[in-house]
Amino acid sequence: MRKPVLIVLIALAVGAALFGGAFYCARYFCVQPVATSTDDLDWLRMEFNLTEAHLAKIRVLHEGYLPICEANCRNIALKKRELKQAEAAGTNATETLRQLQAEVTALRTKCQTEMLAHFEEVSLAMPPEQGQRYLAEMKRLTLGSHEQVEESMSGASEHGREHH
Amino acid sequence: MNRLNQNTNDDGLATLLRAARPQTELPPRFRENVRRRIDHGEAHTASIIWLEALAGWLLKPRFAIPSIAVLLLMGTLIGSLNGQAQARLIAQERYVAMVVMPAH
């Protein structure tokens, strides 16, 4: 009785080890090159099957856009710090606080507008079908999250209204 | 005549034996329990046969080698599909982190 059970158990263990080993090795060799890569455009190459010519054109656009994006982020961060300092100082000048908030909002709008313009430029540098897919995906990833937040907040307020 | 005597003696012996072994009441559901035990024993034997057959099958190279090949192939296939999806996600996150305005 014991011997067949032992054989079946050992076979199961060996089978599981072989399957698991093959699974993790294959997974590692697929993930490792991407995980250690420093190329920001790996995703575009993988997802949109771009040729080297398309990728070169997009790389120029990407490298041109990065300093703009960094500058926008820096400006927003500086303005936000200014706003926080004004709030922490207990400034009673509502007008000053309001103006600083408006400036932060304007900088965010500028940043978002330039980001969307960049996405459109990149999409135009791709084959039409892939470009449309890229644009839709980037809008989903960027604006989609904002819309989700807005929808969840409006849903929450309506929900709140029902109860109060 | 001799046989008649023998039968009379057997009857006497049987009576004596019955008297020597007091009759006890059988426990309730005795027959069902016995039947169940017999069935259980049969099932147990069947599982042993099944396990032995499986063990014998596993040890045959004609079965073991293709099984190993199938397991390796399946593991590699599923692992590479999973890895590709993971790699795509890592690459997407890196790209999006570079070009998308972070939550300020």
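B:Ile78 lies in helix 3 (residues 61–99) of chain B, where helices (H or I, at least four residues) are DSSP runs numbered from the N terminus. The model is predicted, so local features need pLDDT of at least 70 and side-chain atom pairs count only at pLDDT 80 or more, whereas totals for chains, interfaces and linings use all residues. Residues are numbered from 1 along each chain as its sequence is written, chains are lettered from A and ligands numbered from 1 in the order in which they are written, and side-chain values use heavy atoms, with hydrogens and water left out.

With a relative accessibility of 37%, B:Ile78 counts as partly exposed; buried means under 20% relative accessible area, exposed over 50%, and partly exposed in between (1.4 Å probe, protein chains only). B:Val70, B:Met74, B:Leu77, B:Ile78 and B:Leu81 make a nonpolar surface patch of about 460 Å². Patches are made of residues with over 30% relative accessible area and no salt bridge, like charges being joined within 9 Å and nonpolar side chains (Val, Leu, Ile, Met, Phe, Trp, Tyr) within 5 Å.

Chain A contains five helices and zero strands, strands being DSSP runs (E) of at least two residues. Of its 164 residues, 32% count as buried. Chain A exposes about 10600 Å², of which carbon and sulfur atoms supply 59%; accessible areas come from the Shrake-Rupley method with a 1.4 Å probe, and for residues only the protein chains shown count as cover.

The contact between the chains (heavy atoms within 4.5 Å) takes 45 residues from chain A and 34 residues from chain B. About 3500 Å² is buried between chain A and chain B, with 77% given by carbon and sulfur atoms. Buried area is the accessible area (1.4 Å probe) that two parts lose on being put together, summed over both.

Over all chains the structure holds eleven salt bridges, each a side-chain nitrogen of Lys or Arg within 4 Å of a carboxyl oxygen of Asp or Glu. Two salt bridges are counted between chain A and chain B. A:Asp42 and B:Arg94 meet through their side chains in a salt bridge (2.9 Å, N to O). A salt bridge also joins the side chains of B:Arg88 and A:Glu47 (3.2 Å, N to O). This pair crosses from helix 3 of chain B to helix 2 (residues 42–48) of chain A. B:Arg88 is partly exposed, at 32% relative accessibility.

Within chain A, the closest N and O atoms of the salt bridge between A:Lys110 and A:Glu114 are 3.4 Å apart. These residues are four apart in helix 4 (residues 94–124), so about one helical turn separates them. A:Lys110 is partly exposed at 39%, as is A:Glu114 at 25% relative accessibility. Salt bridges that share partners join A:Asp39, A:Asp42, A:Arg45, A:Arg59 and B:Arg94 into one network.

Nine aromatic pairs are present over all chains. Rings of Phe, Tyr and Trp (its six-membered ring) pair if their centres lie within 6.5 Å; planes under 30 degrees apart count as stacked, over 60 as edge-to-face and the rest as tilted. The pair A:Phe19 and A:Phe23 is stacked because the ring centres are 6.5 Å apart and the planes lie at 20°. A:Phe19 is partly exposed at 28% relative accessibility, whereas A:Phe23 is buried at 15%. B:Trp57 and B:Phe63 are likewise stacked, with centres 4.0 Å apart and planes at 20°. Ring pairs link A:Trp43, A:Phe48, A:Phe119, A:Tyr134 and B:Tyr95 into a cluster.
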